[in-house]
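Welcome, and thanks for taking a look at this one. Below is a short briefing to read alongside the structure.

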Amino acid sequence: MDAHAFPAQALPPWRRAVLKVGSSLLAADGGGLSPRFALGLAQFVLASLQAGREVVIVSSGAVAAGRAVLPKAGNAASTMAAKQALAALGQGQLIALWQRFFERPVAQVLLTHDDLRNRRRYLNARAALLELLRLGALPVVNENDTVAVDELKLGDNDNLAAAIASLVEADLLLIATDIAGLYSGHPVRDPEARPVVRVEAVTPAVLAMAGEAGALGTGGMRTKLEAAAKAATAGIATALFSGRDAAAVAALGQGILHGTLVDAQGNRLSARKQWLRHAPAAGQLAIDEGARAALLRGASLLPGGVRAVRGDFRRGDVVEVRATDGAALARGLAQYSAQDGARIVGRHSREIEAVLGFRYDEAMIHRDDLVLLHAAGHPAVEPHGETNGETTA
Ligand SMILES: Nc1ncnc2c1ncn2[C@@H]1O[C@H](COP(=O)(O)OP(=O)(O)O)[C@@H](O)[C@H]1O
Ligand SMILES: N[C@@H](CCC(=O)OP(=O)(O)O)C(=O)O
């Protein structure tokens, strides 16, 4: 089952990608971590960064690394607590492994499902990741295994990588594993298994092809397909390939994939805007004419153009933007809660810190988080807790 079974196909063009690297690629034969396959992937990342692209790595391997740090703990790793201990023991080694390939700083980011479900923490995680990219650092994300149990857990790093791809609005999700791509049946157990080069949509029939993980991984092909399906819904394509195949990894740098490509459903922007358009709004911002004109030009909504805050919402909640005639003009994610927002209404952005004692963003709604409902606005449909807790400047 080698990558040659997967003919070359074009990788979709990308500027920002999430690269997920499985434990199966990093675990050394005798325990601990090995740079053997990480090196080729790091060379690909480095070349991409040098070409002006941005990469976030989602890396597994902490548990495997932990086994070598404290072999005694490794022997008893059947319980959840023992696995968590191993992950805590190995996480430092995992970051150290990635750091040795790069001169630029590697930043450790540990997240759980709960962090991404909570809109406030979601915005915070996104702001921190985007800032790291802006600073030229290389974020290396893993699940925060110490606290990630049961309902907090994303379950596996494939799904975490899809969530991160959507969080940072990546153009592409790259999943490096120990097999050349998706096969129509379990590659070891099913002699009839054939390479699946292209997946237009992750249907139940496609999911049924996936079997369980190898000796070191979690979730196998199933979680990779689930991740690809999530990414597709967010408008992001996924490439599955073997990180063990040096030629396949090198080809990625030339924009060529030997592996499986899972198509995106629609484009990234439209998926996000679609979501914003339909998510329930927790409150409203009434804006002035100047702000209305600015939004129609594609600008962010600054506090200076907001006249009133209505409803009770938190940072990260969806709010509706209403023009002076009451028409619903736009929707977006609030950078400030209703309470904080009310205090900076009508203020210049440079005053935010003086008034609140902190500042997340200069805007009440950043333009990346804003969707215009209708170029000219349309009459407001009643009501979402209208004038409840209204605060005027
Ligand atoms: N239909 C399939 N096509 C390809 N691989 C499959 C399939 N079903 C199960 N697998 C298994 O999935 C494994 C990769 O997943 P996993 O072990 O979780 O790796 P990772 O550590 O990279 O996440 C492969 O080694 C393979 O044995
Ligand atoms: N957080 C765990 C990885 C869990 C996981 O999803 O592993 P894998 O299937 O190898 O990507 C670790 O660092 O060991």
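Which of the 16 residues around ligand 2 come nearest? They are S23, S60, A62, V63 and N157. Please keep in mind that this is a predicted model. The protein has 393 residues, of which 45% count as buried, and its secondary structure comprises 15 helices and 18 strands.

**The shell around ligand 2**
- By class, this shell has 10 polar, three charged and three nonpolar residues.
- Helix α1 (23-26), helix α3 (62-69) and strand β5 each supply at least two of the shell residues.
- Helix α3 is mostly covered, with six of its eight residues buried: A62, V63, A64, A65, G66 and R67.

- An unreviewed UniProt entry lists S60, D145 and N157 under "binding site". Although these residues are spread over 98 residues of sequence, they cluster in space, and the largest C-alpha distance is 10.7 Å.
- S60 sits in the loop that links β3 to α3. This residue is buried because 27 other C-beta atoms lie within 10 Å.
- Leaving out residues up to four places away in sequence, S60 touches V21, G22, S23, N142 and N157.
- N157 belongs to helix α8, and it counts as buried because it has 27 C-beta neighbours inside 10 Å.
- Beyond its neighbours within four places in sequence, N157 is in contact with K20, V58, S60, N142 and E143.

**The second group of listed positions**
- The unreviewed UniProt entry also lists K20, T177, D178, T218, G219, G220, M221, R222, T223 and K224 for "binding site".
- T218 is found in the loop between α9 (204-207) and α10 (220-233), while M221 is part of helix α10.
- Apart from residues within four places in sequence, M221 is in contact with L182, A210 and G211.

**The eight-stranded sheet**
- An open sheet of eight strands, with mixed pairing, runs in the order β4-β5-β3-β2-β6-β10-β12-β9. Its edge strands are β4 (106-111) and β9 (198-199), each pairing on one side only.
- Helix α8 (residues 157-167) packs on this sheet and touches β2 (16-21), β3 (54-59), β4, β5 (138-143) and β6 (172-177). The direction of α8 makes about 170° with that of β2.

**The annotated PUA domain and the overall contacts**
- UniProt, again in an unreviewed entry, places "domain: PUA" at residues 283-365.
- Over residues 283-365 the chain is 24% helix and 27% strand. The end C-alpha atoms of this stretch are 13 Å apart.
- Which share of the contacts between residues at least 6 apart in sequence joins residues at least 24 apart? For the protein, that share is 75%.

How values were computed: Residues numbered from 1 in each chain as written. Chains lettered and ligands numbered in written order. Predicted model: local features only at pLDDT ≥ 70, side-chain atom pairs only at ≥ 80, totals over all residues. UniProt positions renumbered as here; feature names shortened; annotations may be inferred. Helix = DSSP H or I, 4+ residues; strand = E, 2+ residues; numbered from the N terminus. Contact = placed C-beta atoms within 7 Å. Buried ≥ 20, exposed ≤ 12 C-beta atoms within 10 Å, placed from the backbone. Pairing = 2+ DSSP bridges. Axes fitted to C-alpha atoms, helices over the stretch in contact; angles between N-to-C directions. Near = placed C-beta within 6 Å. Nonpolar A, V, L, I, M, F, W, Y, C, P; charged D, E, K, R; others polar.
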